[in-house]
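Here is a briefing on one protein model. Keep the structure open while you read.

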Amino acid sequence: MSSSLGFNAHEIDLLTALRRDLHRHPELSWHETRTQETLERVLREAGIKDISRVARTGLVARVRGRDAKAPVVALRGDIDALPITEATGLEFSSANDGVMHACGHDVHASWAVGAALLLAREPAAGDVLVVFQPAEEVGEGAREVLASGALDGVHAIFGAHVDRRFEVGQAVAQEGPLAASTDTFRIVLNGEGAHGARPQESRDPIVGAAELIMALQTIVSRRLDPALPGVVTVGTINAGRALNVIPESAELGGTIRATTAASRALLVGEVTRIAQAVAATHRLTADIRITEGTPPIVNPREGAAWAARAVRHVLGAPALVPLGTTNMGGEDFAFYLEKIPGCFLRIGARESGGEHRAAHTPRFYPDEAALFIGAAVLAQCAREAGSPSSG
């Protein structure tokens with residue numbers, strides 16, 4: 001399939017070797033120094049010389065278009081890995097203890113190089129900025145790229161993620177919610193400790209915490225529109241050290257996920273309101289800290305239309321498939337879409353007859369053919385968005 005996507009034999013070997021090298025040498029967020037150097041070297045050796053270092057460990061490569069006055073389009077590939085010990089058994093498994101490309105960013109970085117190669121040979125109307133973004137896994141890289149000014153004046157931006165829920169040759173490019181916001185909360189309930197045998201002398205934060213955990217579950221079930229996905233999960237609870245002592249305080253922590261700006265605001269507001277109300281009921285005080293994560297990804301209509309045209313051009317109309325169940329994971333590509341039109345796609349990465357293997361797990365492995373498909377689709381996205389008829 002690779003050759004039919006516009007790659008020659010040398011490029012197929014080059015990209016395959018690059019992907020495997022990146023997979024073998026994964027680096028955590030903000031530590032992608034070898035990755036940065038490798039990608040820059042490969043790009044320069046391929047004839048792409050206009051490269052800038054941005055966002056500490058990232059790169060932006062400019063691929064010239066046919067018309068200097070045409071709109072500039074950006075493509076993004078993320079490059080960081082996860083603190084996971086690999087168990088795939090691949091010949092090119094991670095050589096870095098406890099670090100693994102368990103989310104497919106080795107493929108994303110490589111298909112961004114592949115897109116640059118295709119665009120160098122068959123340019124878009126305007127210039128294309130190929131962004132190799134660090135620190136997606138910690139939700140910080142996209143903001144630093146934007147803050148650098150590297151994308152000022154960009155007309156549209158596209159990115160994609162490998163997805164083993166879909167077979168190789170399938171792609172999702174649709175309008176609307178595609179990933180969730182990723183806010184977190186920490187709530188400390190402060191009371192008054194006492195001997196476990198004399199609870200009447202306490203203001204018991206553990207009882208308050210137990211009620212709060214259950215009360216938080218009513219936010220999604222009773223306050224959120226049933227047509228909108230949402231999650232409020234308590235992931236940690238810490239209180240007390242002795243079996244016969246009521247402690248002074250109890251701490252809860254968790255995550256809030258929403259797919260629209262309005263539902264995000266509602267969930268965050270309700271977590272705060274309910275925590276304060278439950279605390280007051282039990283004569284406690286509540287210290288509440290909400291930490292903003294990535295926004296939800298909501299693909300705009302125009303950007304999704306460009307991406308869908310690209311998929312149809314590269315793979316044919318049957319390749320376009322619906323997302324189905326909304327992804328409640330987060331993606332810092334959302335920061336780009338808050339400022340620049342575009343689309344975030346899912347690229348099928350499950351081999352025919354293969355089993356589902358979730359990302360962020362030790363055995364995650366995207367089929368390598370997805371590399372070439374992602375590159376070709378993203379390159380075509382740039383051509384579609386930058387064409388005179390794109391508006």
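Seven bridges join strand S8 (residues 183–190) to S13, and the two strands run antiparallel. This is a predicted model.

- Helix H6 (residues 261–281) lies across S8, S10, S12 and S13. H6 runs at about 165 degrees to S13.
- The sheet is open and has four strands, in the order S10-S12-S8-S13. Their pairing is antiparallel.
- Strand S10 (230–239) and strand S13 (285–291) are the edge strands, and each pairs on one side only.
- On average, neighbouring strands of this sheet are turned by 20 degrees against each other, direction ignored.

- Is strand S4 (residues 128–133) mostly covered or mostly open? S4 is mostly covered, with six of its six residues buried.
- Val 128, Val 130 and Phe 132 point one way from S4. Leu 129, Val 131 and Gln 133 point the other way, and all are buried.
- In a regular strand, side chains alternate between the two faces of the sheet.
- Strand S2 (residues 58–63) is joined to S4 by five bridges, and the two run antiparallel. Here Leu 59 stands opposite Phe 132 in S4.
- Strand S3 (residues 73–78) is joined to S4 by six bridges, and these two run parallel. Ala 74 has Leu 129 in S4 as its bridge partner.

**Nonpolar cores**

- The largest nonpolar core has 60 residues. Leu 39, Trp 111, Val 113, Phe 132, Phe 158 and Leu 345 touch the most other members.
- Helix H9 (residues 369–386) supplies the largest share of this core, 12 residues.
- A second, separate core has 26 residues, including Val 54, Ala 179, Val 321 and Ala 334.
- Which residues does Leu 39 contact, leaving aside its neighbours within four places in sequence? They are Leu 18, Leu 22, Leu 59, Ile 79, Ala 109, Val 113 and Phe 132.
- In soluble globular proteins, nonpolar side chains tend to be buried together.

**The largest pocket**

- The largest pocket has a volume of about 580 Å³.
- Its lining comprises 27 residues. Of these, Cys 103, Asn 327, Gly 329, Gly 330 and His 360 lie nearest the centre of the pocket.
- Strand S5 (residues 156–167) gives the largest share of the lining, five residues.

**Two arginines with positive phi**

- Arg 56 has a positive phi of about 70 degrees although it is not a glycine. Its place is in the loop between strand S1 (51–54) and S2.
- Why does Arg 56 count as exposed? Arg 56 counts as exposed because its relative accessibility is 54%, and the cut-off for exposed is over 50%.
- Arg 283 is also not a glycine, and has a positive phi of about 60 degrees. Arg 283 is found in the loop between H6 and S13.
- Arg 283 is exposed, with a relative accessible area of 52%.

Methods. Residues are numbered from 1 along each chain as its sequence is written. This is a predicted model: local features need pLDDT of at least 70, side-chain atom pairs count only at pLDDT 80 or more; totals for chains, interfaces and linings use all residues. Side-chain values use heavy atoms; hydrogens and water are left out. A nonpolar core is a set of buried Ala, Val, Leu, Ile, Met, Phe, Trp, Tyr and Cys residues joined through side-chain atoms within 4.5 Å. Buried means under 20% relative accessible area, exposed over 50%, partly exposed in between (1.4 Å probe, protein chains only). Contact means heavy atoms within 4.5 Å. Two strands pair if DSSP finds at least two bridges between them. Axes are lines fitted to C-alpha atoms, for helices over the stretch in contact, and angles run from 0 to 180 degrees between N-to-C directions. On a 1 Å grid over the protein atoms alone, a cavity is a set of points where a 1.4 Å probe fits but cannot get out, and a pocket is an open set with protein on both sides within 12 Å along at least five of seven lines; lining residues have an atom within 4 Å of a point. Grid points are joined across faces, edges and corners, and a volume is the space filled by probe spheres set on the points.
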